[in-house]
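User: I've got this one open on my screen. Walk me through it, please.
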Amino acid sequence: MKGILVISDNDFNSHRLSVTSVSVTPPTTACTVASMAFSSWISRLRSSSKPIYTKFRNSFTTTAPPPSLAAEIILRCRHIRKPPVSPWARSLLPLALAVSAGSFFSQSNGVNCPSYCQSPILDQTKGIGGKDSTDYLVKGSLKKIPQELIEELKLICKDNMTMDYDERYFHGKPQNSFHKAVNIPDIIVFPRSEEEVSKIVASCDKHKVPIVPYGGATSIEGHTLCPSGGVCIDMTLMKHVKSLNVKDMDVVVEPGIGWMELNEYLEPYGLFFPLDPGPGATIGGMCATRCSGSLAVRYGTMRENVINLKVVLANGEVVKTGSRARKSAAGYDLTRLMIGSEGTLGVITEVTLRLQKIPQHSVVAMCNFPTIKDAADVAIASMLSGIQVSRVELLDEVQVRAINVANDKNLPEAPTLMFEFIGTEAYSREQTLIVQKIASEHNGSDFVFAEDPEAKKELWKIRKEALWACFAMEPNFEAMITDVCVPLSHLAEIISKSKQELDASSLVCTVIAHAGDGNFHTVILFDPNKDEQRKEAERLNHFMVHAALDMEGTCTGEHGVGTGKMKYLEKELGIEALKTMKRIKDALDPNGIMNPGKLIPPHLCF
């Protein structure tokens with residue numbers, strides 16, 4: 001395949017190089033499994049172009065392990081009415097809960113005592129995500145599902161529900177996350193319509209049983225864990241395009257459709273949806289986590305690209321958050337309230353998305369640097385130059401090495417920047433020349449670019465499969481993935497500081513950054529069977545998060561809070577902001593059934 005060009009400092013069209021395509025092992029035949037959910041997930045992996053994962057899939061077992069000892073010792077207790085608490089004692093509760101994060105409160109009779117921060121009805125997560133907590137095993141109190149609820153769900157869902165253990169285990173363990181819970185969902189339901197979702201939620205609310213929405217299973221912060229059991233609502237059967245409005249450049253979809261499948265549908269119309277998170281992500285989950293991706297530097301995050309939503313609230317009512325108008329000043333912005341709520345306020349059943357025209361022309365460029373700071377400085381300088389780049393991605397030398405191992409490539413193992421420029425052919429090339437000049441002023445070398453469509457697709461495919469490439473180096477390890485974001489002026493500083501700490505660690509760590517908007521990830525690989533390695537990964541994560549917060553940044557730029565980032569919210573947002581969130585949660589979900597134990601820190605009390 002031809003399409004890679006080399007640019008000299010003097011002549012934009014000086015040389016042309018012929019390159020071969022990336023060698024990737026084709027997907028192997030999927031193992032026969034009884035679980036419908038597992039088969040569905042493998043299908044999504046195939047359709048989302050994950051050959052790297054397929055290459056190593058067979059090295060992982062799909063057999064569900066026996067329940068853990070921690071799960072066995074969790075007490076199944078009735079709701080206990082608490083005695084009156086004096087104002088003096090109540091004032092000490094937040095401190096007590098923070099100090100005892102990760103532990104159980106017990107009364108003298110040995111029965112679990114629910115936290116004072118929990119719903120009055122539902123025993124929620126204990127000891128995870130609290131202030132300064134480092135525990136990653138999410139604990140919860142399991143209650144028996146009423147037989148009446150099971151019968152109601154059978155009437156609603158008919159054959160689209162299961163209580164099979166293997167499927168429940170599969171849904172209870174996120175695929176790309178090291179987070180775990182001691183419990184798994186009791187029932188999995190697969191609704192086919194908004195009406196079914198409404199009836200399911202209303203029935204669960206009546207019986208005060210927890211609900212956890214489930215989409216593409218690509219989230220990495222424990223969003224879909226079921227620490228208190230309950231009902232997992234798998235939305236993947238709701239994947240239809242309901243209407244496409246080409247002249248208005250918007251589309252109405254159900255939440256279970258993937259962003260990659262949606263773009264395949266839109267391509268013949270000359271349109272595309274610009275957000276590109278990990279392969280396999282669905283539109284509903286992308287809304288729930290307020291995700292973004294590599295194109296956010298040009299098109300914004302999910303917040304800017306959703307026009308309105310339809311959401312089933314905890315009582316089963318269906319709310320439409322706005323009209324199809326491109327802008328509106330009518331009432332509270334319920335759309336933005338729901339985007340990023342992570343299933344804690346409602347279940348998304350319909351999304352109206354803003355679309356973009358497929359660019360007339362694009363150029364993808366790559367450049368190497370002696371240090372990661374040089375690469376970050378070029379990313380900042382490029383943004384300050386006024387160039388409207390559509391992508392600016394940074395890879396450190398360890399990540400490039402992983403790509404070489406996984407794809408049998410021979411790329412220079414040095415800090416690397418990847419750019420994409422869009423517009424007319426002349427405008428795209430003009431932008432490329434400007435960035436080449438900026439790179440040369442910051443010790444850049446080997447500046448190459450691609451214009452051939454297949455060559456460009458191949459380069460971005462390598463970037464999109466960076467996580468799977470990391471597992472090529474350590475196939476049996478798990479990954480802790482950081483997601484800090486800082487003001488652009490602090491990007492070089494935090495990446496340099498983090499890189500020093502990562503290089504000094506005994507663990508294999510890679511750096512991947514959406515450098516154009518100050519967001520960067522580290523993939524920290526660790527052996528899940530070695531507690532000291534997990535603690536070292538957690539230490540590195542803490543270091544980077546607190547460094548970002550000290551620079552007025554955030555603990556999560558696009559992955560969301562889930563259970564993994566709750567412990568940082570008080571430092572980032574302040575206690576008053578968290579109290580306001582808790583009041584909103586209590587108003588919309590008084591029984592506390594909507595994805596309990598996520599986003600709102602459990603140590604937060606009133």
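User: Let's start with β17: is this strand mostly covered or open?
Analyst: Strand β17 (residues 391-395) is mostly covered, with five of its five residues buried. Buried here means under 20% relative accessible area, with exposed over 50% and partly exposed in between, using a 1.4 Å probe on protein chains only. Strands are DSSP runs of E with at least two residues, helices are runs of H or I with at least four, and both are numbered from the N terminus. Keep in mind that this is a predicted model, where local features need pLDDT of at least 70 and side-chain atom pairs count only at pLDDT 80 or more, while totals for chains, interfaces and linings use all residues. Residues are numbered from 1 along each chain as its sequence is written, and side-chain values use heavy atoms, leaving out hydrogens and water.

User: Which β17 residues point which way?
Analyst: Arg391, Glu393 and Leu395 point one way, Val392 and Leu394 point the other way, and all are buried. In a regular strand, side chains alternate between the two faces of the sheet.

User: Which strands does β17 pair with?
Analyst: β17 pairs antiparallel with β18 (residues 416-423) over five bridges, and antiparallel with β22 over three bridges. Two strands count as paired if DSSP finds at least two bridges between them. Leu394 sits opposite Leu417 in β18, and the bridge partner of Leu394 in β22 is Ala513.

User: What about Asp396, buried or exposed?
Analyst: Asp396 is buried, with a relative accessible area of 0%. You'll find Asp396 in the loop between β17 and α14 (397-407).

User: So what does Asp396 touch?
Analyst: Setting aside neighbours within four places in sequence, Asp396 is in contact with Ile372, Ala414, Pro415, Lys499, Cys509, Thr510 and Val511. Contact means heavy atoms within 4.5 Å.

User: Which residues are closest to the centre of the largest cavity?
Analyst: Of the 49 lining residues, Thr218, Ser219, Pro277, Gly278 and Ala281 are the closest to the centre of the largest cavity.

User: And which element gives the most to that lining?
Analyst: That's α9, with five residues. Other elements that supply at least two residues each include β7 (211-214), α16 (453-464) and β22 (508-514). The lining of the largest cavity divides into 21 nonpolar, 22 polar and six charged residues. Nonpolar covers Ala, Val, Leu, Ile, Met, Phe, Trp, Tyr, Cys and Pro, charged covers Asp, Glu, Lys and Arg, and the others, Gly among them, are polar.

User: β7 came up in the lining. Which sheet is β7 in?
Analyst: β7 is in an open, mixed sheet of four strands, in the order β4-β6-β8-β7. β4 (161-162) and β7 are the edges with a single partner strand each, so one side of each has no neighbour in the sheet. Helix α7 (residues 194-207) packs on this sheet, touching β6 (187-189), β7 and β8, and its direction makes about 170° with that of β8. Angles run from 0 to 180 degrees between N-to-C directions, with axes fitted to C-alpha atoms, for helices over the stretch in contact.

User: How do β7 and β8 pair, parallel or antiparallel?
Analyst: Parallel, over four bridges, with β8 covering residues 231-234. Val212 has Cys232 in β8 as its bridge partner.

User: Last one: what's the order of the five-strand sheet?
Analyst: That open sheet runs β9-β10-β14-β12-β13, with antiparallel pairing. Its edge strands are β9 and β13 (318-320), each pairing on one side only.

Notes:
1 Å grid on protein atoms, 1.4 Å probe; cavity = no way out; pocket = protein on both sides within 12 Å on 5 of 7 lines; lining within 4 Å.
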